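Subject: Structure handover

Hello,

Please find the structure below, followed by notes on what was found in it.

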Amino acid sequence: RPLLMKLLLSLFAFCAVASLSAQKTMTLRDCIERAQQRNIKVQQADLARRQQEIQLDDARKAMLPEVGGSAGENLSFGRGLTANNTYETRNTNSTSFSVSGSMPLYTGGRIAHRRKQAALQLQAAGADAQRIAEELQLQVAQAYYQVLFRMDLIAQAQTNLRNTLAQEERMAAQIRAGRLPEVDLAQARARTAQDRLALVQAENDKMIALLELSQLLEYPSPDSLAVAPPATHTLPAVPGNPEEIYALSLTERPALQAAQLRSRAADEQIELARAGMRPTLSLNAGLGTSYYHTSGIDNAAIGRQLRDNFSQNIGLSLSVPLYDRRATRNSVAQAQLAATNARLDEEEARKSLYKEIQSAYYAAVTSRHKWEAAQVADSAAVTAAQLAQKKYEAGKGTYVDYDEARNKQTNAAVDRITAYYEARYRQDVMDFYAGKMLK
């Protein structure tokens, strides 16, 4: 039996260690890095960038020669006219081999503009991938703070329940001593039940918040995820000049960079369409040979025929567009309209960025003021609840007045917690636009 007990204790200890190791406590930086590595949208954006890499490689190799080989086998049979002006039944088979190549010498600028356009589109795809990865930071931060917010609400609910249970015990003692009416104990017990229900609801809300965060991080289950609270609850000052942040963002924000790059790529599309009005010149070359065999006559050996029939050719091919039913002109017009639309998209992205930064700045200032005011209100509510408790226990106040003061204290604490995480998130939004790393 002692051996069995040791085995059971060892098993329980192993399970406990495995459980703790499976549930890794993660900081905000840990959450962001994991999300950027595993998020599906980030992976899709990277695949789109890799596709553009292939297109750029294809555009770069368009100036290289194109070489191909071919082989053919032909069989004819039946009656046919001979050199003696008679008809005979003969079977003939022929075999041919050839290698041909072509290399563009002048394409009117098509290849050069296509290469530039592909390079710009690759940079735009890279900016898109960076934009998605950066914007994911804010989504993770919001979900992360939501978990911490729910954790603080649980702590507040636990404090409320402890205070209610302690008050219920004191009231029961005073009722036994005849100092308070029994109806107050019934009201206190009802309040205890409400606080228990609030704690259960807070724990349920925390699990939902963990579920949302775990999905962003691609965790299989929220049970294996735990978050670490910030090292300090102090908040840095809000930047005083949103114009400076906007000026910095004009060169740093990937969304604006992608719009600018696509506008330049649209200009290259105009030149690519105009190249259709210019002639093209290419160099062509080829090698070939063949072998024939006809039944009923003497045929030279295969090797000799392949040598005798060996041929070479080289030449230039010039193509000059004369009239294409205005198809090229229409392509140029469409490319010009697309370029104008791309410039409008760039301008819209610039205006949206300015509005986002201004809105984020005022939201950060407002949320900080709300947090400061909520701290003062919470401190005052705590003092008022303590005074109401002393008055009630001294017999100078009613339980209704005490309970109302407790409710105000709880609401003030919730408002303080809400204001803090709102201010912290808004501060992270400003850091995001300023190009700082969220952590």
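Helix α9 covers residues 327-393, and α4 packs against α9 at an angle of about 15 degrees with the axes 12 Å apart. Here axes are lines fitted to C-alpha atoms, for helices over the stretch in contact, and angles run from 0 to 180 degrees between N-to-C directions. The crossing of α4 with α9 is right-handed; a crossing is left-handed if the near helix is turned anticlockwise from the far one by less than a right angle, and right-handed if clockwise.

The model is predicted: local features need pLDDT of at least 70, side-chain atom pairs count only at pLDDT 80 or more, and totals for chains, interfaces and linings use all residues. Residues are numbered from 1 along each chain as its sequence is written, and side-chain values use heavy atoms, with hydrogens and water left out. Helices (H or I, at least four residues) and strands (E, at least two) are DSSP runs, numbered from the N terminus.

Helix α4 (residues 110-176) also packs with helix α7 (residues 254-274), at about 165 degrees and with axes 8 Å apart. The pair α4 and α7 is therefore roughly antiparallel. Their contact has 10 nonpolar, 7 polar and 10 charged residues (Ala, Val, Leu, Ile, Met, Phe, Trp, Tyr, Cys and Pro count as nonpolar, Asp, Glu, Lys and Arg as charged, and the others, Gly among them, as polar). The crossing of α4 and α7 is left-handed.

Helix α3 (residues 40-60) has 21 residues. Val42, Ala45, Gln52, Leu56 and Ala59 are its buried residues named here (buried means under 20% relative accessible area, exposed over 50%, partly exposed in between, with a 1.4 Å probe and protein chains only). They lie on the same side of α3, because they cover an arc of only 85 degrees around the axis, taken from the directions from the helix axis to the C-beta atoms. The face turned away from that buried side carries exposed Gln44, Gln51 and Ile54.

Glu218 sits in the loop between α5 (182-216) and β4 (225-227), and Arg326 in the loop between β6 (311-319) and α9. Glu218 is partly exposed, at 32% relative accessibility.

Regards

Terms used: Parallel < 35°, antiparallel > 145°, perpendicular 65-115°, else oblique. Expected span 1.5 Å × (residues − 1).
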